[in-house]
Amino acid sequence: MAIIAPSILSADFTILGKEISAVEKAGADWIHIDVMDGSFVPNISYGPIIVDACKKVTTLPLDVHLMIEHPDHLIPDFVKAGADLISVHAEACTHLHRTVQLIQESKVKAGVAVNPATPLTCLEWIIEELDFVLLMSVNPGFGGQKFIQSTLDKIEQLAALIEETGSRAIIQVDGGVGPTTINGVAKAGATSFVAGSAIFSTPDYAQTITMLRQQAEV
Ligand code: DX5
Ligand code: ZN
């Protein structure tokens, strides 16, 4: 079953509550919240207070993607704000195993995110601990970028690693996912799909999410 996770980075922030209710009503499965620190990525977005605000308007799981350096000291704040899933970047964590444990000890699902140029070898000794892996299919920092095609091979390789190790991790793909790319992403082995501009730039969220879901059910 495909998990469609609209990224609120492309929502209209002047009516954020309404936008979240609208995608929930339109059939979204998770709400993807992109946290950027202006250091790990060249952009700044929002932090725990926005997660807390989102929690008040939806019952959907909040999927918090931390594009920040040294996430450990902020993880408790995101947990307290209502995160149901938290992903941290392999490139940003010196003690990745400890960070994953910290998330899971808080009864929150843990994911590791990897940038397009980061090899999957960084996951080999942690894959069995993970609830999900977030493969970036654009360089993180902004919505509306073009999907990087080499991600398709990477998804297949990750699916093989998961199979080999018997890991329970699911594969989430983030960046440039939309009507022309989602089917290939699903065929390669992903089951969780983050889509920002592909959903929020369209007039009818229900129609868009239904269409994305159909393309993703392979
Ligand atoms: C990029 C973020 C993505 C972004 C996706 O740094 O992690 O979640 O919002 O946006 P689209 O779907 O427009 O590429
Ligand atoms: Zn994201």
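Mentor: Let us begin with pairing: two strands are said to pair if DSSP finds at least two bridges between them, and strands themselves are DSSP runs of E with at least two residues, while helices are runs of H or I with at least four, both numbered from the N terminus. Keep in mind that this is a predicted model, in which local features need pLDDT of at least 70, side-chain atom pairs count only at pLDDT 80 or more, and totals for chains, interfaces and linings use all residues. Residues are numbered from 1 along each chain as its sequence is written, and chains are lettered from A and ligands numbered from 1 in the order in which they are written.

Trainee: What makes β2 and β3 a pair, and in which sense do they pair?

Mentor: Strand β2 (residues 31–36) and strand β3 (residues 62–67) are joined by six bridges in the parallel sense, and because at least two bridges are required, they count as paired.

Trainee: How do you know whether Asp-34 is buried or exposed?

Mentor: A residue is buried if 20 or more other C-beta atoms lie within 10 Å of its own, exposed if 12 or fewer, and partly exposed in between, with C-beta atoms placed from the backbone. Asp-34 has 24 C-beta neighbours inside 10 Å, so Asp-34 counts as buried.

Trainee: Why is β2 called largely enclosed?

Mentor: Six of the six residues of β2 are buried, and therefore the strand is largely enclosed by the rest of the structure. Ile-31, Ile-33 and Val-35 point one way from β2, whereas His-32, Asp-34 and Met-36 point the other way, and all are buried.

Trainee: Which residues does UniProt list as "active site", and why do you say that they gather at one spot?

Mentor: The unreviewed UniProt entry gives Asp-34 and Asp-174 under "active site". They span 141 residues in sequence, yet no two of their C-alpha atoms are more than 10.5 Å apart, so they gather at one spot. UniProt positions follow the numbering used here, feature names are shortened, and annotations may be inferred rather than shown by experiment. Asp-174 lies in strand β7 (residues 170–174), and with 26 other C-beta atoms within 10 Å, Asp-174 is buried.

Trainee: Which residues does the "binding site" annotation cover?

Mentor: For "binding site", the unreviewed UniProt entry lists His-32, Asp-34, His-65 and Asp-174. These residues span 143 residues in sequence, but no two of their C-alpha atoms are more than 10.5 Å apart, so they too gather at one spot. His-32 is buried, with 26 other C-beta atoms within 10 Å, and His-65 is buried with 27 C-beta neighbours inside 10 Å.

Trainee: What does His-65 touch?

Mentor: Two residues are in contact if their C-beta atoms, placed from the backbone, lie within 7 Å. Leaving out residues up to four places away in sequence, His-65 touches residues including His-32, Asp-34 and Asp-174. Asp-174, under the same exclusion, touches His-65, Leu-134, Met-136, Ser-137 and Val-194.

Trainee: What makes the largest nonpolar core a core, and which residues have the most contacts inside it?

Mentor: A nonpolar core is a set of buried Ala, Val, Leu, Ile, Met, Phe, Trp, Tyr and Cys residues joined through C-beta atoms within 7 Å. The largest has 68 residues, and those with the most contacts inside it are Val-64, Ile-86, Val-133 and Phe-193. Its largest share, five residues, comes from strand β6 (residues 132–136).

Trainee: Why is Pro-119 called exposed?

Mentor: Pro-119 has 11 other C-beta atoms within 10 Å, and therefore Pro-119 is exposed. Pro-119 lies in the loop between β5 (109–114) and β6.

Trainee: How do you know that the chain agrees with a compact globule?

Mentor: With 218 residues, a compact globule would have a radius of gyration near 17 Å, and the protein chain has 16 Å, which agrees; the radius is taken over C-alpha atoms, and the rule is 2.2 Å times the number of residues to the power 0.38. Of the 218 residues, 44% count as buried.
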